[in-house]
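Got a fold on screen and wondering where the labels come from? Let's go through a few of them, one at a time.

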Amino acid sequence: TTMPSSPYSLGLVSEFVSRFPPFNNFEFGKMVQSLLYQLETGTHVAAGLDDRIVGYVGWIKTTRLIAEAWLNQNGELHATFDDPDAIAVTVLATEKSRYILPLIKHAKTMNSNYSVYWKRHLRDGQTSAMRGVRKKALT
């Protein structure tokens, strides 16, 4: 489900995400800005169990050009509101791995017309995978 944009939601999500590497080492201001953007724009999905957050995925809408440059370390990732054709997943945190696939599937249904990009960071901070799935053009 998506959460409303409120100070309470921001606090819940911030506390949850800050428990997981690599986010627990991120600069506070930058992380809060990212989460606030996701709450305000509805570009996130949270999984709940027994009145608590157990998983969160958040993304930004951008362009393929920007996302591919970011993926290849040739540019900074940023959102765009002018004709976005891609999303970049910027936050994925779960208490258990079994919550990952349902979160991703739900996010995918919300963004079926977009190409998807992400980088995966391991607990030690190393980047293990950089991926992109381009949406095929309709013919």
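Q: What makes strand 2 and strand 3 (residues 86-94) a pair?
A: In this predicted model, 8 bridges join strand 2 to strand 3, and the two run antiparallel.

Q: Why is strand 2 (residues 52-62) called largely enclosed?
A: Because 9 of its 11 residues are buried, the rest of the structure largely encloses it.

Q: How do you know whether Asn111 is buried or exposed?
A: Its relative accessible area is 5%, and buried means under 20%, so Asn111 counts as buried. You'll find Asn111 in the loop between helix 4 (100-110) and strand 4 (115-121). Leaving out residues up to four places away in sequence, Asn111 touches Trp59, Lys61 and Ile87.

Q: Which residues of helix 3 (residues 64-71) are buried, and why say they line one face?
A: They are Ile66, Ala67, Trp70 and Leu71. Looking down the axis of helix 3, the buried residues fall within an arc of 130°, so they line one face. In general, an α-helix has 3.6 residues a turn, so residues three or four places apart point the same way.

How values were computed
Residues are numbered from 1 along each chain as its sequence is written. This is a predicted model: local features need pLDDT of at least 70, side-chain atom pairs count only at pLDDT 80 or more; totals for chains, interfaces and linings use all residues. Side-chain values use heavy atoms; hydrogens and water are left out. Buried means under 20% relative accessible area, exposed over 50%, partly exposed in between (1.4 Å probe, protein chains only). Helices (H or I, at least four residues) and strands (E, at least two) are DSSP runs, numbered from the N terminus. The arc is that of the directions from the helix axis to the C-beta atoms. Contact means heavy atoms within 4.5 Å. Two strands pair if DSSP finds at least two bridges between them.
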